[in-house]
Amino acid sequence: MSIELKVPEVGESITEVQIGDWLKQVGDRVAQDEPVVTIETDKVTVELPAPVSGVISEIRAAKGAVASVGDVIGLMTEGAGASAGAPAPRPAVAAGPPAPAATAPAKRTAPPAAPPQPSSPANEPPPKSSVSASAIPPEGYARVMPSARRVLAERGLDAAEVTATGPGGRVLKEDALRAEARPAAPAREPRPAPSPPPGARVEEVVPMSPMRKRIAERLVESQQTAALLTTFNEIDMTAVMALRKQHQPLFQERYGIKLGMMSFFVKAAIEGLKLVPQVNAEIRGTDIVYRNYYDIGVAVGGGRGLVVPVLRSAERLGFAEIELAIQDFGARARDNKLRLDELSGGTFTITNGGIYGNLLSTPIINPPQSAILGMHAIQERPVARDGQVVIRPMMYVAVTYDHRIIDGREAVTFLKRIKECVETPERILLEV
């Protein structure tokens with residue numbers, strides 16, 4: 001029985017997705033709920049699990065193809081004992097080598113009653129159980145399974161020396177291991193990948209990912225719809241660094257994570273938002289929406305671009321909870337495992353370009369938010385203190401704000417409040 005693999009609902013506002021990597025290929029056996037293919041949206045990358053146990057029988061949408069929610073992108077043959085001798089993928093998918101079949105194809109006890117139909121892969125007779133090496137294409141790689149290719153490369157063997165037993169003349173890992181065990185097999189160096197001639201001017205054209213497209217759209221939208229202005233200040237990080245150094249061992253022992261800088265800035269930003277509510281508000285049509293909660297977005301570099309997961313009700317979180325949440329966001333962003341609900345909403349955003357060594361920048365707000373705080377690298381600089389020049393660890397900070405709702409006075413007051421809370425961290429605890 002053929003089972004359709006359909007693009008699932010991935011968000012109420014998302015109608016189109018881009019097909020990512022196929023984790024399974026035609027002929028592969030998969031268990032129920034095992035990931036089959038990755039699907040990229042403008043916010044996250046999700047994995048489509050197998051609805052049943054069976055065999056991948058057809059791939060209809062190649063990597064990079066655009067599909068709508070509900071589209072059929074592949075077929076499965078239900079049943080753990082289904083034949084792995086499925087038809088070859090469509091030409092659009094044939095650019096990537098198919099993955100190895102788990103076992104040799106099962107043999108039928110009787111021929112099919114009617115000629116097989118091209119649209120019914122399950123009715124096709126299985127290929128021969130053994131195919132000679134001469135059936136392998138000239139370069140020997142088009143039908144070599146990735147696991148077998150690794151074995152051949154490690155042992156210095158050539159695919160032409162291997163007797164293929166996989167469906168469709170594919171060289172399986174077992175075939176490569178058997179060939180390696182033969183003493184008469186000569187060792188050869190693996191073929192190096194072709195490289196452009198010296199001095200060649202090479203261009204590579206790749207499609208823009210949905211996430212990259214969305215980032216571009218949002219940034220342009222921010223520039224075109226808001227009256228953006230940026231104000232700057234600098235913060236003496238001496239007190240925070242001393243506090244971290246003093247309590248780091250106990251903090252790490254108790255909570256299993258280091259006390260970082262971001263939690264101080266999240267706490268300080270909340271104090272600033274309480275003092276200047278316009279910064280936590282947004283324009284909605286001809287209205288201004290003020291909020292009494294603080295959902296702080298923290299920009300992190302993901303596997304496919306910048307994402308902004310949100311700390312919900314951050315005013316209720318302690319330092320350890322903030323640090324643990326940010327660490328979790330960062331790890332899952334690199335693996336493209338963030339959920340859509342974690343990337344939506346947010347009343348204010350903090351971005352830290354300092355981790356890349358950035359000394360000064362003007363961040364762009366994340367619509368429909370009205371402001372964003374930019375942190376930067378900490379740099380020792382000479383500053384005047386009590387009539388003397390001393391060396392202190394200093395950080396430039398910037399707030400970009402929407403001048404339609406926030407005036408310069410409010411923006412400066414907000415940033416000054418952050419400066420006060422970071423330079424004297426006890427004010428965060430005392431809320432003074």
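Analyst: Helices (H or I, at least four residues) and strands (E, at least two) are DSSP runs, numbered from the N terminus. On that count the chain has nine helices and 19 strands. This is a predicted model, in which local features need pLDDT of at least 70 and side-chain atom pairs count only at pLDDT 80 or more, while totals for chains, interfaces and linings use all residues. Residues are numbered from 1 along each chain as its sequence is written, and side-chain values use heavy atoms, with hydrogens and water left out.

User: Where is the place of Asn280?

Analyst: Asn280 lies in the loop between α5 (262-275) and β10 (282-284).

User: What makes Asn280 buried?

Analyst: Buried means under 20% relative accessible area, exposed over 50%, and partly exposed in between (1.4 Å probe, protein chains only). Asn280 has a relative accessible area of 1%, so Asn280 is buried.

User: Which residues does Asn280 touch?

Analyst: Contact means heavy atoms within 4.5 Å. Leaving out residues up to four places away in sequence, Asn280 touches Leu273, Arg291, Tyr293, Tyr294, Thr347 and Phe348.

User: Why does Arg381 count as buried?

Analyst: The relative accessibility of Arg381 is 11%, and the limit is under 20%, so Arg381 counts as buried. Arg381 belongs to strand β18 (residues 378-385). Not counting residues up to four places away in sequence, Arg381 touches Glu234, Leu359, Val390, Ile391, Arg392, Met394, Met395 and Tyr396.

User: How much of the chain do buried residues make up?

Analyst: Buried residues account for 42% of the 432 residues in the chain. Among contacts between residues at least 6 apart in sequence, 64% join residues at least 24 apart.

User: How do you know that β1 and β8 pair?

Analyst: Two strands pair if DSSP finds at least two bridges between them. Strand β1 (residues 2-6) and β8 have five bridges, in the antiparallel sense, so they meet that condition. In one of these positions, Ile3 has Met76 in β8 as its bridge partner.

User: How many bridges join β6 to β8?

Analyst: Five bridges join strand β6 (residues 54-59) to β8, and the two strands run antiparallel. Ile59 has Gly74 in β8 as its bridge partner, and Glu58 stands opposite Leu75 in β8. In a regular strand the side chains alternate between the two faces of the sheet.

User: What makes strand β8 mostly covered?

Analyst: Strand β8 (residues 72-78) has seven residues, and five of them are buried. The open sheet that holds β8 has four strands in the order β1-β8-β6-β3, with antiparallel pairing.

User: Why are β1 and β3 called edge strands?

Analyst: β1 and β3 (29-30) are the edge strands, and each pairs on one side only.

User: What is the order of the open sheet that contains β5 and β7?

Analyst: The order is β5-β4-β2-β7, four strands with antiparallel pairing. Its edge strands, β5 (45-49) and β7 (66-68), each pair on one side only. From one strand to the next, the twist averages 45°. Within this sheet, three bridges join strand β2 (residues 16-22) to strand β4 (residues 35-40). Gln18 stands opposite Glu40 in β4.

User: Why is α5 called oblique to α8?

Analyst: Axes are lines fitted to C-alpha atoms, for helices over the stretch in contact, and angles run from 0 to 180 degrees between N-to-C directions. The axes of α5 and helix α8 (residues 408-423) come within 8 Å and cross at roughly 140°. Angles under 35 degrees count as roughly parallel, over 145 as roughly antiparallel, 65 to 115 as roughly perpendicular and the rest as oblique. The angle therefore makes α5 oblique to α8.

User: Which residues of α5 and α8 meet?

Analyst: Phe265, Ala268, Ala269, Glu271, Gly272, Leu273 and Leu275 in α5 meet Thr413, Phe414, Arg417, Ile418, Cys421 and Val422 in α8. By class, this contact has nine nonpolar, two polar and two charged residues. The classes are nonpolar (Ala, Val, Leu, Ile, Met, Phe, Trp, Tyr, Cys and Pro), charged (Asp, Glu, Lys and Arg) and polar (the others, Gly among them).

User: Where do α5 and α6 meet?

Analyst: Met262, Ser263, Phe264, Val266 and Lys267 in α5 meet Phe319, Ile322, Glu323 and Ile326 in α6. The residues of this contact divide into six nonpolar, one polar and two charged. The axes of α5 and helix α6 (residues 319-334) come within 9 Å and cross at roughly 115°.
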